[in-house]
4 protein chains.
Amino acid sequence: MGIVLGDNQYGKAEVRLVHVDRTTPQHVITDFNVTSQLRGDFTAAHVAGDNSAVLTTDTQKNTVYAFAREYGAAEPEDFAIRLGKHFVKSLPQISGARIAIDQHSWDRIMVGGAAGQAHDHAFVKSGAERRTTVVTLEGDQIWVVSGIDDLVVLKTTGSEFRGFPRDSYTTLAETSERILATSVTARWRYRAEVVYSQVYPAVRALLLETFATTHSLALQQTLYAMGSTVLEAFDDIAEIRMSMPNKHHYLADLSPFGLDNPNQVFIAGDRPYGLIEAQITRDDDATGPGLAWASVPGFV
Amino acid sequence: MGIVLGDNQYGKAEVRLVHVDRTTPQHVITDFNVTSQLRGDFTAAHVAGDNSAVLTTDTQKNTVYAFAREYGAAEPEDFAIRLGKHFVKSLPQISGARIAIDQHSWDRIMVGGAAGQAHDHAFVKSGAERRTTVVTLEGDQIWVVSGIDDLVVLKTTGSEFRGFPRDSYTTLAETSERILATSVTARWRYRAEVVYSQVYPAVRALLLETFATTHSLALQQTLYAMGSTVLEAFDDIAEIRMSMPNKHHYLADLSPFGLDNPNQVFIAGDRPYGLIEAQITRDDDATGPGLAWASVPGFV
Amino acid sequence: MGIVLGDNQYGKAEVRLVHVDRTTPQHVITDFNVTSQLRGDFTAAHVAGDNSAVLTTDTQKNTVYAFAREYGAAEPEDFAIRLGKHFVKSLPQISGARIAIDQHSWDRIMVGGAAGQAHDHAFVKSGAERRTTVVTLEGDQIWVVSGIDDLVVLKTTGSEFRGFPRDSYTTLAETSERILATSVTARWRYRAEVVYSQVYPAVRALLLETFATTHSLALQQTLYAMGSTVLEAFDDIAEIRMSMPNKHHYLADLSPFGLDNPNQVFIAGDRPYGLIEAQITRDDDATGPGLAWASVPGFV
Amino acid sequence: MGIVLGDNQYGKAEVRLVHVDRTTPQHVITDFNVTSQLRGDFTAAHVAGDNSAVLTTDTQKNTVYAFAREYGAAEPEDFAIRLGKHFVKSLPQISGARIAIDQHSWDRIMVGGAAGQAHDHAFVKSGAERRTTVVTLEGDQIWVVSGIDDLVVLKTTGSEFRGFPRDSYTTLAETSERILATSVTARWRYRAEVVYSQVYPAVRALLLETFATTHSLALQQTLYAMGSTVLEAFDDIAEIRMSMPNKHHYLADLSPFGLDNPNQVFIAGDRPYGLIEAQITRDDDATGPGLAWASVPGFV
């Protein structure tokens, strides 16, 4: 009857890598935030301070930069898989790895006015949204989860919220017209290898279009519509998990000032916010998620 | 062969509650950030926009404030349990709940100079650290996880890092003298009811003292020492999980200026940082964690 | 010989206003963060707690929302001027006002695929950058400062840094090839009324194009080129002030791993960063800035 | 009639310095965030990219670390003055400097239980508040401004807000009982040299005690009481400037649930917030502020 070490992992978080591909005059920039974590038998380090099996986090960081030079940095999924495979085979005590990458995107600056063109080597940062991946490896197995963070969307009509139950603490009025706004975090698990550079923008576009064109009866319904559309369109995606805060916009009560407010003036709230989270999956997902989500931060 | 809804939960996040107990002239202030999420059969809401089983997030928020008046707000664990029980029995479709509370702490302002005393109703905010709890309920079962976030500690000596393996990407030098700094996030699961108001400060003090007095050979070893000390001291705690970034302090190289640097001048780094995460548990934990950690954000 | 009240101002900060113009099916959304502050003779409030001349900050907030209904919310400069004029004439003790607005921008979601079109009422948030204005009023005088915050840009070539002096603390190598990255904060003061909706995008485009096309010998020179181009193009702008952090991208030293690094792999740094700030003005600015910059936060 | 460079400054921002004094077994830790900016004739750099007078920001950073070794790092004011003097005399084109330091504080960890003692070399980070200084130099002149940031305080009674004027946009009710909460930013200018290590904690204690013991009729009145008390107590302080957001705590309306709320349950708001800013000075301040506040960020 004793105290024992359970699951554990360690690594280097937020290695900020910017890679410039200069093979043509039109430079290509890749902006990654890489976190690597290793799993295996690290009992000696924890219990006795014996570091003989600890591939240092500094070495992990060095490897990120060296690999960017040796192999380039194109798609985050490919970079993460390569990095993870390297770490898993580096020392016998290391059995698994988790590589997470957030990618910041940059747009080319337009020059030359209205009939202008994209500049070859000057960029302006795109929105706050980030493309993400979490790749989990255990022995020979690899799970790839891709996603998007902080995709902030809003619609000014086409959103209702009615028909909910009322108890003694309910004061909310039903509405057939409200602003619907959210910041989409979505992560989807692949069940086959894909060309990641093609799937990502297609999923992003589908999420946006479904949000825009779905008449919303509840944020839950909008979420499900967005996720299920992705599964319908991409057979290689086994499941998708989404977390969507309901960023409330309250209709301002202007009646004390003798004014009506026909859905024109809103107070954007900070806290609290609704929080809707769900997995959308397939009923024939025989293989199952394995360790894909074992250390994906946060939702559901 | 179709697309189906998997796990899901919804609720109101970050309900900011400040409660003042005025029963004596010495007021007591409680400052909570409450997030409630409900689980159950919400397929109709997701698939059809049918909200008839959706206890609204606005109602959840109202309930937080009303319960604070009806029952007070003393220990976050007790408040979360009461709230969760209420939600679980509120509608037949609701089978479970997850209530997370972050507590901000306040110190009384000292007045009257050196021989002064604590003021009755004026407070100054304590450090950035927060006391936390995540209570998970499913039917009649309840799991209580308590914790602390952002407890930032540093020691200026008594920390080594040596004996690690070297591969072709290793450049780090061994050191027998370094600054060790981290921001402790710890969460522990109870296997029995305790007097939460007594256990929390005792665990916090133990974490701090163990950090201070352990000669560190690795941050992993420090983490394990901190966690296992807690389990040794509190039989009612079944396990503890910790996430500790290694907040690197780099010895400044002053040799270009003809200066030595006998561990006096350091560069505090932001990113990247090491990240060490582990569970410390008991080998006789027959019951197991159940759903305690099902939606605890983040680590391991 | 006594203690006296000096300059002072008070108001309501960060009133979050979202306005929807529904006059056509193609809705127009305006997203403002409004801060109003009033100036005048508020000695009684400070010294004696006499609030008889204090137009409450709550009333200021209400006025923001009411004005959005009464007059719409198109250009932030126009909204701020109208609001400021109202406050200045509201009470005899109020002699001046400062109205600051940060505007968040939203893009229409594209639907219908490659040959798609912009959606009428669904939006995705643009980048982190914000359009800003600070309008200062004193009696009948009005000063308008407009600007942009957090316009993050980067170029992968066309940037040198050489010819600087060396002292005993200098270790930096000269370079004729580096990444240049910054987050532009610019504020410009008008000396005539303009159509703000036209000038803002034109200034933004000019700042971007000048950054892209200027071969940089120093961030100072790039800043000056950007600012002076704006003054050359817009006679109605009297001066421009800019604050540009040098967001360092360090070339990774891969030589320990037997690798060269021909400007391909960079470490994006957080802190410290260079910080370059300057005013660019006209030598015939007879009128001068007056109170335009009296309470503009921060730079130079 | 042309475009010209106006005021400008450049430097290195947020140099993170941690200094450990090991002269006794009881180590002393100093944690600074240093920003240096230089002023002078830098027209050539801006207009022509001629860097021959530009003491690089990298050199400024190096100097911070080297000076910490050469001279130690005790009081931020002394460190800033020494650094500024060095830069001003380093090159003929440099005429002035602005050195800003934010200091993070650390408490010793208590070990040994209730009758315990402070540990010699292990620390826990104190609250979010920071001690600050901005030292401005121009030629032989030096101005020292010291301060505190983010000192968050709250009182649960002893705060009213009544007697304010009402216009057609006023809805706020008068109250003789409310929570008063704010985050104090204060900066004070010295008119004589002092022992900074003694004055800072004394001013901090005075601000706290005055907040606690002043019956508040308005946040303006509380601010003035706090500031004037500091001037009364310290003849060497010429003036103090304060910025205090009114962090609103709204009494929750529980009447829909059949509950009263005798000032017990509050909603802590985020945005908007009141913002009260004022200077408190002396009517015999013959010398005046000079350049002391020329580039102090932000308020009034």
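The legends below describe close-up views of two chain-to-chain interfaces in a predicted model. Residues are numbered from 1 along each chain as its sequence is written, and chains are lettered from A, with ligands numbered from 1, in the order in which they are written.

**View 1. The interface of chain B and chain A.** Here 78 residues of chain B are in contact with 78 residues of chain A, contact meaning heavy atoms within 4.5 Å. About 6,600 Å² is buried between the two chains, and carbon and sulfur atoms give 56% of this area. Buried area is the accessible area (1.4 Å probe) that two parts lose on being put together, summed over both.

View 2. The interface holds two salt bridges, each defined as a side-chain nitrogen of Lys or Arg within 4 Å of a carboxyl oxygen of Asp or Glu. In a salt bridge between R271(B) and E14(A), the N to O distance is 2.8 Å.

**View 3. Elements on the side of chain B that touches chain A.** At least two residues of this side come from each of β1 (3-21), β2 (28-40), α1 (43-48), α2 (57-71), α5 (219-233) and β12 (273-282) of chain B. Helices (H or I, at least four residues) and strands (E, at least two) are DSSP runs, numbered from the N terminus. β1(B) supplies the largest share, 14 residues. By class, the side comprises 34 nonpolar, 28 polar and 16 charged residues. Ala, Val, Leu, Ile, Met, Phe, Trp, Tyr, Cys and Pro count as nonpolar, Asp, Glu, Lys and Arg as charged, and the others, Gly among them, as polar.

**View 4. Strand pairing between chain A and chain B.** Strand β1 (residues 3-21) of chain A runs antiparallel to β12(B), with nine bridges between them. Within this pairing, N8(A) has A278(B) as its bridge partner. Two strands pair if DSSP finds at least two bridges between them.

**View 5. Superposition of chain B on chain A.** Chain B is brought onto chain A by a rotation of 180° with 0.0 Å of shift along its axis, at an RMSD of 0.0 Å. The two copies are therefore related as by a two-fold rotation axis. Both copies use the same surface, since 100% of the contact residues of chain B recur in chain A. Superposition is by least squares on the C-alpha atoms of residues with pLDDT of at least 70 in both copies.

**View 6. The interface of chain C and chain D.** The contact takes 78 residues from each of chain C and chain D, and about 6,600 Å² is buried between them. Of the two salt bridges counted here, one joins R271(C) to E14(D), with the closest N and O atoms 2.8 Å apart. β12(C) pairs with strand β1 (residues 3-21) of chain D in the antiparallel sense over nine bridges, and T281(C) has V4(D) as its bridge partner.

Technical notes: Predicted model: local features only at pLDDT ≥ 70, side-chain atom pairs only at ≥ 80, totals over all residues. Heavy atoms only, no water.
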